[in-house]
Amino acid sequence: MTEAAKPSVIVEDLAPHVALVRIDRPEARNALNAETRAALVEAFQRLGADPDVRVVVLTGTGKAFVAGADIKDMASRTPPDMMARRTHLQWQVIAQFPKPLIAAVNGFALGGGCELAMHADIIIAAESARFGQPEIKIGIMPGAGGTQRLIRAVGKFKAMKLMLTGAVIDAHEADRIGLVTEVVPDAELMERAKALAVEIAGLPPVALAEIKDVALTGEDLPLAAALALERKAFQLLFSTEDQKEGMGAFLDKRSPDFKGR
Ligand code: CAA
């Protein structure tokens with residue numbers, strides 16, 4: 001298979017109702033070039049629309065999760081070239097992915113890779129994972145949401161140090177500052193991500209989608225508007241069969257079987 005024909009994003013079933021998206025360009029440390037970005041977008045659009053998929057795990061092949069945007073592909077670009085790429089529309093698809101997304105960060109998550117991980121709802125980091133926004137070292141700045149998502153995740157003073165120095169931090173430091181959910185030994189990364197995904201996939205999908213939507217949308221709204229959004233979503237869930245099933249199962253002292261409606 002030639003390099004051009006080899007897909008750089010692989011989608012497979014990880015468990016019932018759980019899909020795995022693996023960025024598979026290890027020779028370039030999974031750097032995001034145009035083909036990889038397009039393949040990622042296509043995968044997220046497809047998985048978002050597939051009613052059988054309830055949770056997605058995102059990881060990378062080899063030493064890197066994603067080493068950032070592809071520098072070779074950007075080095076000689078002009079501002080009009082960069083504008084014409086309209087990559088913000090591609091990132092939007094991942095940001096608005098309606099189902100729980102778990103990043104299983106297996107190695108370097110730098111630049112656009114750290115930004116990609118921050119698009120997830122939960123980040124499980126292998127002990128050898130490394131995080132950073134090193135764009136400053138190559139004359140640019142984070143351009144896929146990093147300035148905003150990092151500051152919201154870890155606060156101004158940790159975020160500014162990372163962005164202004166380009167420092168790369170290890171998984172334990174990322175955990176300390178709140179950039180990841182948990183750190184696990186390298187060999188246990190996929191097992192842990194899968195276990196968490198399976199646990200979440202057993203929970204009612206409509207309520208999961210509402211939690212994600214309200215939490216993320218509400219983050220940027222005034223508190224009263226965010227609370228109103230929460231209230232309406234909470235009330236709406238009483239129209240679902242899964243609410244009847246969840247509460248009925250509790251009262252009957254049996255395990256619920258959620259259907260996603
Ligand atoms: N773009 C293009 N190619 C990359 C790449 C990137 N971001 N990262 C790694 N590669 C390539 C290397 O050029 C090298 O290719 P060749 O074999 O053809 O020379 C190959 O991957 C292996 O790389 P290394 O030999 O450097 O591997 P390493 O294991 O020693 O180091 C690394 C790994 C620490 C990730 C290092 O490659 C590195 O620092 N990469 C760049 C990280 C970076 O600056 N990312 C930010 C990009 S800008 C951005 O992301 C903008 C944005 O906000 C969207």
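Q: What area do domain 1 and domain 2 bury between them, and how is that area defined?
A: In this predicted model, domain 1 and domain 2 bury about 640 Å² between them, 52% of it on carbon and sulfur atoms. Buried area is the accessible area (1.4 Å probe) that two parts lose on being put together, summed over both, so the value covers both domains. Local features need pLDDT of at least 70 and side-chain atom pairs pLDDT 80 or more, while totals for chains, interfaces and linings use all residues. Residues are numbered from 1 along each chain as its sequence is written, and side-chain values use heavy atoms, without hydrogens and water.

Q: Which bounds define the two domains?
A: Domain 1 spans 9–201 and domain 2 spans 205–252, bounds that come from an automatic or database domain assignment. Their C-alpha centres lie 27 Å apart.

Q: How many residues of each domain are in contact?
A: With contact meaning heavy atoms within 4.5 Å, 10 residues of domain 1 touch seven residues of domain 2.

Q: Why is the Arg152 and Asp220 pair called a salt bridge?
A: The term requires a side-chain nitrogen of Lys or Arg within 4 Å of a carboxyl oxygen of Asp or Glu. The side chains of Arg152 and Asp220 meet at 3.0 Å, N to O, so the pair qualifies. Across the interface of domain 1 and domain 2 the rule finds two salt bridges.
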